[in-house]
Amino acid sequence: MAKQSSFFRSVSRLYPHVKPILPRLLMGLMCALLASVVALTIPQVLRGLINDSLRPGATAAAVWSSAGIILTLGIAEAALVALRRTFVINPATTVETRMRVSLYGHLQDLTVSFHDRWGSGQLLSRAMTDLNFLRRWMAFGAIMLVVTTLTVVIGVVVMFTMSWQLALIFLAAAVPIMAYGFRFRTRFSKVARRSQDQAGDLATTVEESVHGIRVLKAFGRSREALETFNGQAEELRQTEIAKARHQATFSMVVTLLPELALGAGLVAGIMLVADGQLSIGALVAFFATAAVIAAPVEFSGMLLAMALTAKSALDRHFEVMDSQNTITSPAVPQRPAELKGALSFNNVTFAFDDAPDKPILKDIRLDIRPGETMALVGITGSGKSALLQLVPRLYDVTEGSITIDGVDLRAFSVEELRSVVGVAFEDTTLFSSSVRDNVLLGARTASARTSVTGQDAGGGLEQILEEALDTAQAHFAYSLPDGLDTLIGEEGLSLSGGQRQRIALARAIAARPTVLVLDDPLSALDVNTEELVEHRLREVLAGTTTLIVAHRPSTVALADRVALLEEGRIAAVGTHAELLAANAHYRYVIASLETEPRDLDSELSALEDDAGEPIR
């Protein structure tokens, strides 16, 4: 848990977001304050009514006049309350939306290492629940907390003008309330923060379970998942009960003590009236005023709880916003005079941030020629995937450098680098959209560039789409219920593994990259389909430099050269035949590579004739 800051320091960080709507918030505050002043005026009218209008000899017109004044004040109070809502609701929702968009944009900029550390549910709760609560606090809680405080202060001053003796009795109840308030603030702040963090953890569990529902069902672990969730939900319930207990105790204190003070004041007031030191009208006005400020006092427990919860929400929001993006574009980006795709690793060392003394890659030296296909092989845990993720700068090297055509990746603008480098990973991620949108995700960023084949990449997205699907052997997409406009569902789980991989590969191809990085994206395809994909890749992306992690002998055999990764170092580089003949560890790695899988989609396609009818 992050170090707790003071309430005012946390709230002050909200000022830049609130500044554009501050005039309307102040107008809402003034309306709410005027409504309270109007409410405090009504007891004074009652005082005049009792002392003057109801005494012997007074006319009925005076009574009706006082009643009319009270009615007018009541209507004015209601109108001011309505105006307060009108002034604050729209701007408060605007601030909420802007902060939410700002948070989402910042999450897009932050590094992969940040997302490795944070649960998705924690980020979701900050983007939705916390900001929603902040909006309600800005529109209601903050304004009413100020108004309540001023109402009590003004009301106590007015009570002193009517009877200082009774006012002192009423004020005596404030001392223990203030003392308990400090204790309440400390305890409630901690439990409110714990509640919000636990809600984020619970959201993460729900999201993971939904995404992994097939795994849970396949292994029969649904009951265990439910038990884990039930334990987390119970922890949250206990925390919420603790919150409610603290708030209920505080509410009891701020309700009971003023009521006791009023009871003692009533006895003292009657005695003052009997002694002639206080008029009956003044006594009635005093208690009417006390009734007006009693509601805000009783309400203060909830308002203080809202303020403390809002502070926790702000702290959680700025925990994310304060996270620095360490992978940024230089002030003056560079690019090669001619983009050919020569990829070089120059004494590259890499370690994750949480284990800087345990490098995954050590002194990597590797040169890949323009247009060459280089396969990267090694046993599990040798650092293959980590090396590939350095090329699009998903992570930055710890030492050394990676260059494209002699220019350090860190000298490129990040946007341009990721349009030059195309990626497809083994664990495919598709979005809840159409096949068309998923494939053209990369093409939209590359549309302004000229492809390596000399065609205008922006000349026609439909042509790029068709070519990418054909190259990835993803012809099945045309047979889906709505063709290329079929919504493929969250993370593409409505498709088979092989179908998802081909859609992801088509997405990388549609970007028309100069350097293509493939983390075994063909693992779910059969050998024949893989060969077709490789053949079409060489045609469509002629001149594209390709670095591919290979987990199968067939993938290795299709590469121009092979790099052997052993314990985080490049142990050997050469053709498949050369390494087989000269390197014992390479032979061991090749022998241990997985057997070829069957791609049922391709096998079914092979059983159909050109008309799409099954061959009999």
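Visitor: How do S1 and strand S4 pair, and over how many bridges?
Guide: In this predicted model, S1 and S4 (residues 399-404) pair in the antiparallel sense, over five bridges.

Visitor: Which residue is the bridge partner of Asn346 in S4?
Guide: Ser401 is the bridge partner of Asn346.

Visitor: What about S2, how many bridges join S1 to that strand?
Guide: Five bridges join S1 to S2 (residues 361-368), and these two strands run antiparallel. Ser344 stands opposite Asp367 of S2.

Visitor: Is S1 largely enclosed or exposed, and why?
Guide: S1 covers residues 343-350, and six of its eight residues are buried, so the strand is largely enclosed by the rest of the structure.

Visitor: Switching to the surface. Which residues make the nonpolar patch?
Guide: Val37, Val146, Leu150 and Ile154 make a nonpolar surface patch of about 260 Å².

Visitor: Which helix gives the most to the patch?
Guide: Helix H6 (residues 120-162) does, with three residues. Ile154 is found in helix H6.

Visitor: Ile154, then: what is its relative accessible area?
Guide: The value for Ile154 is 34%, so the residue counts as partly exposed.

Visitor: Now Glu578. Where is it?
Guide: Glu578 lies in helix H20, which spans residues 576-582. With a relative accessible area of 47%, Glu578 is partly exposed.

Visitor: What does the side chain of Glu578 reach?
Guide: The side chain of Glu578 reaches the backbone nitrogen of Thr575, at 3.0 Å.

Visitor: And what separates the C-alpha atoms of Glu578 and Val562?
Guide: A distance of 9.4 Å, with the two residues 16 residues apart along the chain.

Conventions. Residues are numbered from 1 along each chain as its sequence is written. This is a predicted model: local features need pLDDT of at least 70, side-chain atom pairs count only at pLDDT 80 or more; totals for chains, interfaces and linings use all residues. Side-chain values use heavy atoms; hydrogens and water are left out. Patches are made of residues with over 30% relative accessible area and no salt bridge: like charges are joined within 9 Å, nonpolar side chains (Val, Leu, Ile, Met, Phe, Trp, Tyr) within 5 Å. Accessible areas come from the Shrake-Rupley method with a 1.4 Å probe; for residues, only the protein chains shown count as cover. A salt bridge is a side-chain nitrogen of Lys or Arg within 4 Å of a carboxyl oxygen of Asp or Glu. Helices (H or I, at least four residues) and strands (E, at least two) are DSSP runs, numbered from the N terminus. Buried means under 20% relative accessible area, exposed over 50%, partly exposed in between (1.4 Å probe, protein chains only). A polar contact is a pair of N or O atoms within 3.5 Å; within protein, one must be able to donate a hydrogen and the other to accept it, and residues adjacent in sequence count only if both atoms are side-chain atoms. Two strands pair if DSSP finds at least two bridges between them.
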